[in-house]
Amino acid sequence: MRLLLPCFLLFCSIAVSAQEIESQDNLDKPSISKNNYLGVRFGGLASGFTHGNGQASGGMRQLGWHAGVAMDLWTKPRYNARVEMSYITKGAKETFGNDRIEIPTRNKLQYVQLSMLPVILKHDFGKVKPYIGLGGYYAQRVGIKSEWKPGGSWENDVFSATNLDRKSDFGYSIALGIYVKRRPLAELRFEGGLNAVSSTTKIKNRSIVLSLAI
């Protein structure tokens, strides 16, 4: 929780700095003035874990959601950057076992996430502009719910909750989306974790995120 305030202040400082730079550019070059997008992003996602030892199976079956604010920076006809702050749920549904028994598990991890896409390249088709974005994220976990199903009902999984002990996560992002005029409309993004969420295993987050913007 101590890192949430610095992340929020960083988001605000980047936004203010970008607006000041953009305002100066508009004074110097009024003919190419552009307004930066500032709005709300929300949507759903499918997530899972990657394992260094390959013990678990299940793919990206854990469904989640996200919501937050986003702002474009240094908007140009074919390029801009973006900074985002959001609440996002990740995790995994997996099955552990052997030839005799299989035990399903599910872990839901809640994060406050700061994302940055320093490179968004757009193709200009007039009002509609498809784009590709490259960047990364840093997330701080604010909640966790781990369960397993040894019998007919789900029960709290204390072992998994204890094993997933690292609260910080960071990784890379690859995005494909569409702008309509100067506003983003929809985006599909892959996020791959680079930091293990456990200090004893190589479990890492991965997510496919679908977003709408208003």
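## A buried lysine

Lysine 122 is found in strand S4, which spans residues 102-122; strands are DSSP runs of E with at least two residues, helices are runs of H or I with at least four, and both are numbered from the N terminus. Lysine 122 is buried and forms no salt bridge, the nearest side chain of opposite charge being aspartate 72 at 6.0 Å. Here buried means under 20% relative accessible area, exposed over 50% and partly exposed in between, with a 1.4 Å probe and protein chains only, while a salt bridge places a side-chain nitrogen of Lys or Arg within 4 Å of a carboxyl oxygen of Asp or Glu.

A polar atom of the lysine 122 side chain lies 2.8 Å from the backbone oxygen of lysine 76. Beyond its neighbours within four places in sequence, lysine 122 has contacts (heavy atoms within 4.5 Å) that include Thr75, Pro77, Tyr79 and Tyr179.

## The chain as a whole

The protein chain holds two helices and nine strands, in the order α-β-β-β-β-β-β-α-β-β-β along the sequence. Of its 214 residues, 41% are buried.

## Basis of the values

Residues are numbered from 1 along each chain as its sequence is written, and side-chain values use heavy atoms, with hydrogens and water left out. In this predicted model, local features need pLDDT of at least 70 and side-chain atom pairs count only at pLDDT 80 or more, whereas totals for chains, interfaces and linings use all residues.

Technical notes:
Lys and Arg count as positive and Asp and Glu as negative; His and the chain ends are not counted. A polar contact is a pair of N or O atoms within 3.5 Å; within protein, one must be able to donate a hydrogen and the other to accept it, and residues adjacent in sequence count only if both atoms are side-chain atoms.
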